[in-house]
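Have the sequence and the 3D view open as you read.

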Amino acid sequence: MRITLLLTLLLSVMMTDAQNTVYVTANGQTKALTLADNAATRQWEERLAAGPMTIQMHDYGGFEKVGSLPQALPREDKQTNTVCGDVMLYQGNNIVIFYGENAWAYTPLGKLEGTAAEIKDFLSGNSLNVTFSLGSVTTNEDLKKPRTGQPSEIYDLQGHRIHLKGAPLSSLPSGIYIINGEKRLVK
């Protein structure tokens with residue numbers, strides 16, 4: 001009973017933190033994407049709950065990166081003037097991240113954090129793999145953190161950052177985690 005309650009509490013804390021945010025990783029960087037509220041983003045979040053989604057994206061027109069989704073999402077297209085950082089659904093089965101401007105009919109998915117210069121750097125290259133996830137994805141470099149005091153960085157083995165929001169480490173489900181740069185077993 002106590003374990004079930006702790007797991008429910010932990011999942012609630014994690015879901016509150018992740019609500020309306022998808023993490024986008026490209027070129028060794030991760031940025032937060034604040035989601036729009038529509039049927040497409042709700043269905044996309046359900047799919048991402050099963051695990052990260054990596055999409056090969058290509059430059060198009062000198063103002064956007066575009067890549068095919070594995071499955072179509074519901075469309076609510078409307079004529080839109082995009083700006084740098086906008087993430088849109090095109091024709092139901094393509095995701096588009098803008099580093100410039102365009103006007104077309106899209107379904108809004110969200111807004112990527114960062115300045116125009118940061119987003120252009122984030123999306124640099126003609127073709128790149130972009131990973132979308134509900135938890136931030138980390139690289140080995142990110143794990144080199146001080147190893148003293150209260151845990152400040154906790155990741156699961158898939159590289160997703162876990163936020164305890166003041167809850168004790170013992171509230172984590174049993175498993176192996178990377179805590180302050182070290183693998184640790186939580187019982």
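The lining of the second largest pocket is made up of six nonpolar residues, one polar and one charged; here Ala, Val, Leu, Ile, Met, Phe, Trp, Tyr, Cys and Pro count as nonpolar, Asp, Glu, Lys and Arg as charged, and the others, Gly among them, as polar. You can find them as Y60, E64, V66, Y90, V96, N102, W104 and Y106. Two elements give two or more residues each to this lining, β4 (64-68) and β8 (102-112), and β8 has the largest share with three. The space in this pocket is about 150 Å³. A pocket is an open set of points on a 1 Å grid over the protein atoms alone, where a 1.4 Å probe fits, with protein on both sides within 12 Å along at least five of seven lines; lining residues have an atom within 4 Å of a point. The volume is the space filled by probe spheres set on the points, which are joined across faces, edges and corners.

A note on the source: this is a predicted model, in which local features need pLDDT of at least 70 and side-chain atom pairs count only at pLDDT 80 or more, while totals for chains, interfaces and linings use all residues. Residues are numbered from 1 along each chain as its sequence is written, and side-chain values use heavy atoms, with hydrogens and water left out.

Five of the five residues of β7 are buried, so the strand is largely enclosed by the rest of the structure. Buried means under 20% relative accessible area with a 1.4 Å probe, protein chains only. N94, V96 and F98 are buried on one side of β7, and I95 and I97 on the other.

What does β7 pair with? Antiparallel pairing joins β7 to β4 over five bridges and to strand β6 (residues 86-90) over four; two strands pair if DSSP finds at least two bridges between them. I95 is the bridge partner of G67, and L89 also stands opposite I95. Three residues separate β6 from β7 in a hairpin, where Q91 in the turn has a positive phi of about 55°.

Finally, look at helix α2 (residues 39-48), whose buried residues are A40, T41, W44 and L48. Seen down the axis of α2, these fall within an arc of 90°, so they line one face of the helix; the arc is that of the directions from the helix axis to the C-beta atoms.

Conventions: Buried means under 20% relative accessible area, exposed over 50%, partly exposed in between (1.4 Å probe, protein chains only).
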